[in-house]
Amino acid sequence: MLAFCHASAVATFQVLNVVVEPIQAALKVSDTEYSLMQGLAVAIFASVLGIPAAAVADRGNRRRVVLIGVVIWSGASVACALSRSARELFAARMLVGVGEVFLYPAALSLIADVAPSRRLASAIGAFGSGGPLGTAFALIGGGWLLRHGDRVALAGLEGEPWRVAFLCCGIAGALAAVLLGSVPEPGRRRVAPSAAATAGIAGNLAATLLHLRRHWQLFAGVSGGMLALSYCVFATSSWSPTMLVRVHGMSYATAGPVTGVAALVGGALGAGVVGVITDRVEGNGHRDAALRVSMGIAVLFMTTMAGAVLTPWAEGAALLVCATYSLLGMPTVVGGTALQQISPPEIRAQVMAIQVLLVNLLALSLGPFTVAALTEYVFHRPASVGYALAWTDGAGALAGIVAFAASRRAFRKQRG
């Protein structure tokens, strides 16, 4: 059920990336303005409400926190479908981020209570596979609607398939809310009482911040490396379809299904496989398995996207984009695993909420924006979006490798 909720949340977020031209034509927005709807709009409310929601999750009913998030992002998707101006769409997108930050911290805390410690990465991998499935739903479905939108109408939205796409995401979210009712709240694993466990919500948050301050070098390295990978993820997912259109001559109706199938097959498989690989590396005695695997992911980000941009063949570019899309669900798995492994049980959700806050404020906002800004203000040509994307992914991947390498010793020491 958590993976299904994850898929619904990601579909609501990702569908904007395959309906670029129809929305730009209908609402008159530039690439840079569009990138703000992709990133900054989602980050605004998320940055305010994520940590309080996680503090409630650490002490209360986590399933209920997730359910509230599902209701919010489903309603936001319907609001996107009904938007009649760029301002209205921007405002609706702000609510999408609220749902996301209600989901991840509470979900990972739930998973840590039901999964054996030796299978934690595999369990988080199963949850993480929902993200690529949601991406596939958005991209394949969005591409299909662009091709056949004149034959599809929902709620009187004839002739505007991008609105129908948002409405479909809202319907999927409503189904997720109904199905979530079948999942019970699991019992929490017993831990020794601590200041964080016995304090109120405000005191619990203070204990969390104190723990992060005491171990700031470790968390800065792990969190910073995961932020760098997330920066690559959001840049890639936001502009890969557009890169295939502008650089390799595809249409959005073709690029959407291509990237959607890549997310469905490669992304979902990659998220599951990386969890199993991480557990096996850990089982071989490497206590820093999550960081080792993360460095490999960074290297792949750097090479596959550069290849997709530089190859002269559209078919080769599509295959390399598929390879890159297989990486998109991996940072959720290795990042969630690493942060759960070094966080006390009573503050896990809040640590994840702080990470999600940073992802929204930095990676989500800057990833899509960097590509758009480089395209418009450095390269000065719409067709240069490929070079902008390759440079963005390369810089993010390199920063991640440096951060992970610097924190490996402290990570092993913290785990004992």
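Trainee: In this predicted model, is Phe-166 buried or exposed?

Mentor: The relative accessible area of Phe-166 is 0%, and the cut-off for a buried residue is under 20%. Because 0% falls under that limit, Phe-166 counts as buried.

Trainee: How many residues apart are Trp-162 and Phe-166 in helix α9?

Mentor: Trp-162 is buried as well, with a relative accessible area of 2%. Both residues belong to helix α9, which spans residues 161-180. About one helical turn separates Trp-162 from Phe-166, because their spacing in α9 is 4 residues.

Trainee: Is α6 parallel, antiparallel, perpendicular or oblique to α7?

Mentor: Helix α6 (residues 86-114) packs against helix α7 (residues 120-128) at an angle of about 140°, and their axes are 10 Å apart. Angles over 145 degrees would count as roughly antiparallel and those from 65 to 115 as roughly perpendicular, so the relation of α6 to α7 is oblique.

Trainee: Which residues of α7 make the contact with α6?

Mentor: The two helices cross in a right-handed sense. On the α6 side the contact involves Leu-103, Tyr-104, Ala-107, Leu-108, Ile-111 and Ala-112, and on the α7 side Leu-120, Ala-123, Ile-124 and Phe-127.

Trainee: What is the angle between the planes of Tyr-104 and Phe-127?

Mentor: By the pairing rule there are 4 aromatic pairs. Among them, Tyr-104 and Phe-127 form an edge-to-face pair, with 6.2 Å from centre to centre and a plane angle of 80°.

Technical notes. Residues numbered from 1 in each chain as written. Predicted model: local features only at pLDDT ≥ 70, side-chain atom pairs only at ≥ 80, totals over all residues. Heavy atoms only, no water. Axes fitted to C-alpha atoms, helices over the stretch in contact; angles between N-to-C directions. Parallel < 35°, antiparallel > 145°, perpendicular 65-115°, else oblique. Left-handed = near helix turned anticlockwise from the far one by under 90°. Contact = heavy atoms within 4.5 Å. Phe/Tyr/Trp six-rings, centres within 6.5 Å; stacked < 30°, edge-to-face > 60°. Buried < 20%, exposed > 50% of the residue type's maximum accessible area, 1.4 Å probe, protein only.
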